[in-house]
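Hi there,

Here is the structure I promised to pass on to you. Have a look at it first, and then read my notes below.

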Amino acid sequence: MLTTRFVNGAPNWIDVGTPDLDGTRSFYGGLFGWRFRSAGPEAGGYGFFQLDGRTVAGGTRATPEQRPPSWTVYFRSADAEATAEAAEQAHGSALVRPVDVMGQGRTAVLADRAGAAFGVWQPGRTKGVDVAGEPGSLCWVELYTPDIAAAAAFYYKTLGLETSAASFPGGIRTRVNPAEGGEDAAFGGFVALADDPDGAGTGAYWLPYFEVTDTDAAVAKAQELGGAVRVSATDVTGVGRTARLADPHGARFAVIRSAPPRT
């Protein structure tokens, strides 16, 4: 379960890069009720999406040459430099080398050995997002990769992440968790690109899931706001009702109404 009790290796930030920040603000505001607050002129257009005054994500204007319209998931690191070096030693790469962010923390954008981009956030004054696991916020992440075993080895060496097998309808899935907390702290999964109904012609990527109160209503609203349905709403026994979407500029994400926890 993804929470804001951040430990090393767990997701603690997420942001979207888009060529049209105003349009993106309008889309996610209409879909999730987010409001955008600028980080100030010195932040180069970066700002924060907030829900009831609590930060749920970041957003920035980015040209296609800088990055395609996309969401980036960031993982907590006690030392961004060491994590970047570990990624390179594990045959990944540093897309943006570690840099200080106005005293708020230290960040880098890396890529795993299959090319999936992800970030690391070394906390300073900002520890991470203010809310996770609630409607309108990040609740789960999945890596779609051509080689699950190779991905597991990479993220263990880079972030100390551990993997375990979990039974789901239709087969076994690979869950991932930080070393601290064990399997009970699982926050995501690894999925083979060959099993990805939305993966044709794409490389490896991380997909964020946002909790919603009504998956079908969220799908309809996303379409009304100019977004696209990548995978239609589907019930997954014991997990919830999910759908995979894209915003008007093509940034991919998923929504889920999670099944109630088993008692």
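Let me start with a question: which strands does helix H3 (residues 148-159) lie across? Please keep in mind that this is a predicted model. Helix H3 lies across strand E9 (138-145), E10, strand E11 (171-177), strand E12 (188-192) and E13, and its direction is at about 145° to that of E12.

**The sheet that holds E9 to E16**

These strands belong to an open sheet of eight, ordered E10-E11-E12-E9-E13-E16-E15-E14, with mixed pairing. Strand E10 (162-168) and strand E14 (228-236) are at the edges; each has a single partner strand, so one side of each has no neighbour in the sheet. From one strand to the next, the twist averages 30°.

Within this sheet, strand E13 (residues 205-211) and strand E16 (residues 252-258) run parallel and are joined by three bridges. Glu211 has Ile256 in E16 as its bridge partner. Helix H4 (residues 215-224) also packs on the sheet, where it touches E14, strand E15 (240-246) and E16. The direction of H4 makes about 10° with that of E15.

E14 and E15 are paired in the antiparallel sense, over six bridges. Val236 is found opposite Gly240 in E15. The hairpin of E14 and E15 has three residues between the strands, and Gly238 there takes a positive phi near 80°.

**A buried arginine**

Is Arg252 buried or exposed? Arg252, which has its place in strand E16, has a relative accessible area of 18%, so it counts as buried, the cut-off being under 20%. Leaving aside neighbours within four places in sequence, Arg252 is in contact with Trp71, Asp198, Thr202, Tyr205, Leu207, Pro208, Arg230, Leu245 and Ala246.

**The sheet that holds E1 to E8**

Another eight strands form an open sheet, in the order E2-E3-E4-E1-E5-E8-E7-E6, and here too the pairing is mixed. At the edges are strand E2 (35-38) and strand E6 (93-100), each of which pairs on one side only. The twist in this sheet averages 25° from one strand to the next.

Strand E7 (residues 105-111) and strand E8 (residues 117-123) run antiparallel, with seven bridges joining them. One of the pairs involves Val109, whose bridge partner in E8 is Gly119. H2 lies across E6, E7 and E8, and runs at about 175° to E6. H3 packs on this sheet as well, touching strand E5 (70-76), E7 and E8, and its direction makes about 20° with that of E8.

**How H2 and H3 meet**

Helix H2 (residues 80-89) and H3 have axes that come within 8 Å and cross at roughly 150°. That angle makes H2 roughly antiparallel to H3. The crossing in which H2 passes H3 is right-handed.

Which residues make the contact? On H2 they are Thr83, Ala86 and Ala87, while H3 provides Phe154, Lys157, Thr158 and Leu159. Sorted by class, the contact of H2 with H3 has four nonpolar, two polar and one charged residues.

Best wishes

Note on methods: Residues numbered from 1 in each chain as written. Predicted model: local features only at pLDDT ≥ 70, side-chain atom pairs only at ≥ 80, totals over all residues. Heavy atoms only, no water. Pairing = 2+ DSSP bridges. Helix = DSSP H or I, 4+ residues; strand = E, 2+ residues; numbered from the N terminus. Axes fitted to C-alpha atoms, helices over the stretch in contact; angles between N-to-C directions. Contact = heavy atoms within 4.5 Å. Parallel < 35°, antiparallel > 145°, perpendicular 65-115°, else oblique. Left-handed = near helix turned anticlockwise from the far one by under 90°. Nonpolar A, V, L, I, M, F, W, Y, C, P; charged D, E, K, R; others polar. Buried < 20%, exposed > 50% of the residue type's maximum accessible area, 1.4 Å probe, protein only.
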